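Biologist: I would like to go through the aromatic contacts in this structure. Could you open it for us?

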Amino acid sequence: MQNTNFIMQFLEWLMSFDRRALILSASAIGAGFAMIAGIGPGIGQGYAAGKGAEAVSYNPKSGKQATMVMLLGAAVAETSGILALVVALIMLFANPLVNLTGSAIVVAASAIGAGLSMIAGIGPGVGQGYAAGKGTEMVGKRPKHQSAIVRTMFLGQAVAQTTGIYALIISLVLLFANPLIRLL
């Protein structure tokens with residue numbers, strides 16, 4: 001019961017602020033949360049780069065091929081980071097929530113939720129980087145099979161991106177077509 005009182009006091013305290021300031025503050029928090037998704041591509045790309053170095057050490061003659069596959073795979077692994085950046089930039093420079101009518105607390109929570117949603121991009125970033133690393137490794141070992149390896153790598157990376165796309169959809173719905181506003 002005491003916890004409920006604390007939550008109510010916190011919500012009342014939040015509502016004591018200017019509506020616009022509350023939404024902008026929540027948007028700043030949401031933009032920061034969105035960029036947490038950059039962890040995934042960072043890990044994935046680092047793994048791919050490590051496997052690229054390993055592939056070149058196995059077979060220096062296939063160095064150019066392994067490097068190309070590593071760069072292509074790492075570029076795909078960056079997708080989640082780019083999507084998170086887009087959401088953060090929308091919240092910072094073209095925020096549709098600022099002029100939205102409805103409950104200020106719901107709008108503010110939607111801004112935070114839009115950013116939190118993008119954290120799901122960590123998984124695709126890591127997974128795509130892992131695929132890029134393995135593709136690079138195998139091209140280093142078997143350069144004759146580069147075409148089949150790259151095709152399979154891209155296919156796997158495309159499937160791995162699905163949860164990142166789901167996160168982007170939820171984030172954009174919260175920003176541009178929020179169904180929660182109409183429920184109050």
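Predicted model: local features only at pLDDT ≥ 70, side-chain atom pairs only at ≥ 80, totals over all residues.

Biologist: Are W13 and F17 buried, partly exposed or exposed?

Modeller: W13 is partly exposed, since its relative accessible area is 48%. F17 is also partly exposed, at 41%.

Biologist: Which cluster do they belong to?

Modeller: W13 and F17 form one aromatic cluster together with F10.

Biologist: What about Y47 and Y130, and why is that pair stacked or edge-to-face?

Modeller: The planes of Y47 and Y130 stand at 20 degrees, so the pair is stacked, with ring centres 5.0 Å apart. This pair links distant parts of the chain: Y47 belongs to helix α3 (residues 39-58) and Y130 to helix α7 (residues 122-141), 83 residues apart.

Biologist: And how accessible are Y47 and Y130?

Modeller: Y47 is partly exposed, with a relative accessibility of 26%. Y130 has a relative accessible area of 45% and is likewise partly exposed.

Biologist: Changing topic, where does UniProt place the feature "transmembrane region"?

Modeller: The unreviewed UniProt entry places that feature at residues 21-48, 68-93, 100-122 and 163-181.

Biologist: What does the chain look like over residues 21-48 and 68-93?

Modeller: Residues 21-48 are 86% helix and 0% strand, with end C-alpha atoms 43 Å apart. Residues 68-93 are 96% helix and 0% strand, and their end C-alpha atoms lie 35 Å apart.

Terms used: Residues numbered from 1 in each chain as written. Heavy atoms only, no water. Buried < 20%, exposed > 50% of the residue type's maximum accessible area, 1.4 Å probe, protein only. Phe/Tyr/Trp six-rings, centres within 6.5 Å; stacked < 30°, edge-to-face > 60°. Helix = DSSP H or I, 4+ residues; strand = E, 2+ residues; numbered from the N terminus. UniProt positions renumbered as here; feature names shortened; annotations may be inferred.
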